[in-house]
Amino acid sequence: MTELTELTIHEAYALLKKGELSSVDLTQAYLDRIDVLDGRLHAYLAVTSDETLEQARRADERRAKGEDDPLLGIPVAYKDVLCTQGVETTCGSKILAGYKPPYTATAIDKMEARGAVMLGKTNMDEFAMGSSTENSGYGVTRNPWDTERVPGGSSGGSAAAVAAQMATAALGSDTGGSIRQPASLCGVVGLKPSYGRVSRYGLVAYASSLDQIGPFSRSVADAAVLLGAIAGHDPQDSTSVDMPVPDYIAALTSDLKGVKVGVPKEYFIEGIDPAVERIVRAAIDQLKELGATVQEVSLPHTDMALPVYYLIAPAEASANLARFDGIRYGPREQGDTLWDTYCQTREAGFGPEVKRRIMLGTYALSAGYYDAYYLKAQKVRTLIKQDFDAAFEDVDVIACPASPTTAFRIGEKVDDPLQMYLSDVFTLALNLAGNCGISVPCGFDDDNLPVGLQLVGPAFGEERILRAAHAYEQATEWHKRVPVLSG
Amino acid sequence: MTQYEPVIGLEVHAEMLTESKMFCACPVVDSTEAPPNTTVCPVCTAQPGVLPVINRQAVEYGIKVGLALNCTINEFNQFARKSYFYPDLPKGYQISQYEHPLASNGWLDIDVDDETRRIGITRAHLEEDTGKNIHMGSSSLVDLNRAGVPLLEIVSEPDMRSVEEVEAYARKLRAILVYLGVNHGDMSKGVLRFEANISVRPTGSDEMNTRTEIKNLNSIRSLVRASQYEIARQIKLVESGGQVIQQTMGFNEESGKTTVQRSKEYADDYRYFPEPDLPPLNIDRAWVAAIEKTLPELPDAKRERFIDELGLSVQDAGVLVADKATAEYFEAALKADVDAKTVANWVTGELFRLMNAAGVEIEQVKVTPEALVDLIKLVEAETINNNTAKEVLEAMFETGHSAGEIVKEQGLAQISDSSALEAIIEQVLEANPEPVEKYLGGKEGLFGWLVGQVMKETRGQANATVVNQIMRERLEGMRKA
Amino acid sequence: MTLSLEQVTHIAELARLALTDEEKERFRDQLSAILDYAARLQEIDTSAIPPMANVLPVDTVMRDDVARLGLPPEQILANSPDQEDNMFRVPVILE
């Protein structure tokens, strides 16, 4: 039954629509494959088998009644940072062990309204803080291309599930690169929408001004469908914009005539893996073949993105994670006093990276340091956004790597946080600016590890990056390669 | 010996009585009565992943208060996170306003000892209320019904110089909030809370010394007692060479003393930063202007009008406007064609006396404004005299019956019939020959006594004017004889 | 710049984290390295630049004052580790 699990959303839709395939069969195929592979890969934290098949059955019924939707009956996985009513949601953290939310995230509600079937919740770096999924409180996820290596993070589980064909598609979240970087490391498509494009209601907050939910998929066309399903204004999220959702599929073309691609000169210097540079440059040349013009642009404050991010994100996170105190949910370490209870519960429940960022954020906001750290970072953030705004006056999309390296070994960077932070150097800046970005497979290094091409667009410019990514994808074969996996 | 004066500022937390909470749609209810955790949702219980959405009505109420307090309504508003850990604060931060509050730079005039003083209002800002902790022995129980209710925090300048001023400010501010319809003023329900910031200094100096903060004052009486105690405590401390330490204090109702509260549980560093989940709020001038048009007549304006247009005394006008319900009662009575001053006298005199004795508020009084007017009209028609009217009012107060019914039931109608009164006057004159003789001999004072006897005979129901007239005529007649 | 142990302890208190001594030392080193790196921000002149707390093209988002019942106590308390009489129970808060 492996063939069923190779289908993209569009391919599965065609078969489902014709009646040649049922959602139950498709879903069962995935559940079987998860059974075989996930013991080793550990992409999933929870597989909701019974409920999943029930959803599949309902989808088949809806189809039988005449409903027609590309997502109807499609099995998908959701990063465990998204609240699912009645289904354990841990955010990869021990401090939420056993937590069953009393409500469901808006993005998932929208998917389910369209008939998507939930396979389960995927593994992640704890509270979305990390670039390798090694910070999960429930064990690391392995990269399907080389199981001794990381899948990237923080949405490592979702990326690996799609790459290993344990889900047709998945949703993840991206705060500093957590969709695009794992997509690049796992050889799948990963899209971070513009800030405000998708409702954050039900997305457990890491950095409120940076977080966005986005899709992982096997093709750009699939990502377009998924984005169309989850995007849109939500009255429950004051930071979601009230703008119409375009038909993203209609934006997809096979050529890039007239498209101006910018290559940021600051992105091709120190620290980047030579193979990654070579492969990404070749991909950019391919864009030229498709009719685009390529020119150099400058994003002068690029080297400020990392320090700005690592002040703003932990600051917001330090407040967002204050609610995890063992009083209303989650395991509690009861102390003699209230003070002890707080301190012991949080000490026991949070992993080291989360603690580190909470400490950093608390410090950056504290009396006497707020101006020098947090406020300063917010000001430089303005400059970073202005860099992008200026560049987009000259070009339509910006092309660059999604990650400076291919997948690194498990354990390789865990002891050096600053090294780990550098994994996000190409992805962070656009979260700060609020722009959209997509990573699309563009090659493999000598170890057969995937490399991703990142295409960045201005805020609410998803159509143009989907267009460029789709054209590139259709002109190449990278997306057809799958990892060789056995049980 | 140095004289010291207190320097006091008040922070008032007033719940804005909207239908729903500040950042979620949960109903705003009387949290002293609702069963625990029955008006909560994922947002106000701070489940992971939830987000706040601003309640427009709360903003509007805040603007109303700002306008009533003569503040500038700031166009650019930004909410901020105020971080500290406490079980009644589920998110671990309170969404409040810090650098960009709703209103600033206003004032409130208060009257103390016939002098008007202007107390500055530094700012008023919106925030969300916390839940409640209930202490039960070795544990505390948390009820989040109140968490998220809209609060307006009103901060005064440290302009108050006496406990009387503090009380006047508190009462005036409460009255204004009730007049505006944004708060019902019942402090026993916790809808209005005061915090006093108190320091002392040599009288007349302009030093600003270390102050203490007294929290959790849930009645005006507590505010007054706590302030009195703390001022005395600080003066005594300073006089004996000690130093006032900046502390947060509570007030012990039983002992009447202020006590230091454990500071460890209260974070010193709130680490304010702009709330990333809420874009800035721009309050346009047109909206403020529209709201300004809907402001009701406030106590000071009403008082002026009562004095200028209705001819009431400063004293009476002040008393009638101090409380919205009283003002409304008074104005309802005036809808009839009746003299304002008379009504004012009855309300502030007899009615208040009865209310105080029974310990009820005017909202609970059984005598409607219309019924009071009926009573007054009976007096004007001379059906009863003033003294009887007082008795009738008392009966009306007890029973809720109308004046007419009571006069009829108890046969209290005034006797004005001349022939009936003549007969009684004859009786009194015949029964008291010596006083009559003494009066005729020049003892003018006995006239009153003789009239008194007639009143006694008629159980007070004789029409005094008529009695006076007939008695005078009769006695003059006797003189000539 | 290097944080002192006192500073690390103070931050841990503000954040309610019962760090071990080993953790305090480790965080002291790691945080100091990160803050050193972040110090490069000081090189930039931002005197004329407004802070960007919000990238959105929206402002003044408000909702109508309509009350709607939320969730019943049982659902809200379902995840609580300790409760009594429909309330969350915690060790006594000392005043």
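Predicted model: local features only at pLDDT ≥ 70, side-chain atom pairs only at ≥ 80, totals over all residues.
1. A polar atom of its side chain sits 2.8 Å from the backbone oxygen of Thr337(A). Setting aside neighbours within four places in sequence, the contacts of Thr341(A) are Arg332(A), Glu333(A), Gln334(A), Gly335(A) and, from chain C, Pro91(C).

2. How many residues does each chain bring to the contact? Chain A gives 67 residues and chain C gives 52. The size of an interface is often given as the accessible area lost when the parts come together. For chain C and chain A that area is about 5200 Å², with 71% of it on carbon and sulfur atoms. On the chain C side, Arg16(C), Leu41(C) and Asn79(C) lose the most area to chain A, together 13% of what that side buries.

3. Which elements of chain C give two or more residues to the side that touches chain A? They are helix H1 (5-14), helix H2 (21-38) and strand S3 (87-91). H2(C) gives the most, with 10 residues. By class, that side of chain C has 36 nonpolar, 8 polar and 8 charged residues.

4. A word on chain C as a whole. Its secondary structure comes to 3 helices and 3 strands, in the order α-α-β-α-β-β along the sequence. The radius of gyration of chain C is 22 Å, whereas a compact globule of 95 residues would have one near 12 Å. The C-alpha trace spans about 55 × 45 × 25 Å along its principal axes. Of the 95 residues in chain C, 43% are buried.

5. Chain B also touches chain A, with 32 residues of chain B in contact with 40 residues of chain A. The area buried between them is about 2800 Å², and carbon and sulfur atoms give 60% of that. In chain B, Pro48(B), Leu51(B) and Phe85(B) lose the most area to chain A, together 21% of what that side buries.

6. Which residues form the salt bridge between chain B and chain A? Asp277(B) pairs with Arg200(A), their closest N and O atoms being 2.8 Å apart. Asp277(B) also meets Arg81(B) in a salt bridge of 3.1 Å, N to O. This second pair links distant parts of chain B, with Arg81(B) in strand S5 and Asp277(B) in the loop between S16 and strand S17 (281-282), 196 residues apart. Both Arg81(B) and Asp277(B) are buried.

7. Within chain A, a salt bridge joins the side chains of Arg40(A) and Glu148(A), at 3.2 Å from N to O. Arg40(A) is in helix H2 (residues 23-41) and Glu148(A) in the loop between strand S3 (117-122) and helix H5 (156-163), so the pair ties together parts of chain A that are 108 residues apart in sequence. Arg40(A) is partly exposed, at 39% relative accessible area, and Glu148(A) is partly exposed too, at 42%.

8. Finally, two features inside chain B. Asp111(B), Lys172(B), Asp300(B), Arg303(B) and Glu304(B) are linked in a network of salt bridges. In helix H7 of chain B (residues 324-333), the buried residues are Ala325(B), Thr326(B), Ala327(B), Tyr329(B), Phe330(B) and Ala333(B). The elements covering the buried residues of H7(B) include helix H2 (163-180) and helix H8 (340-358) of chain B.

Methods
Residues numbered from 1 in each chain as written. Chains lettered and ligands numbered in written order. Heavy atoms only, no water. Polar contact = N/O pair within 3.5 Å; in protein donor to acceptor, adjacent residues only side chain to side chain. Contact = heavy atoms within 4.5 Å. Buried area = accessible area lost by both parts, 1.4 Å probe. Helix = DSSP H or I, 4+ residues; strand = E, 2+ residues; numbered from the N terminus. Nonpolar A, V, L, I, M, F, W, Y, C, P; charged D, E, K, R; others polar. Rg over C-alpha atoms; globule rule 2.2 N^0.38 Å. Buried < 20%, exposed > 50% of the residue type's maximum accessible area, 1.4 Å probe, protein only. Salt bridge = Lys/Arg side-chain N within 4 Å of Asp/Glu carboxyl O.
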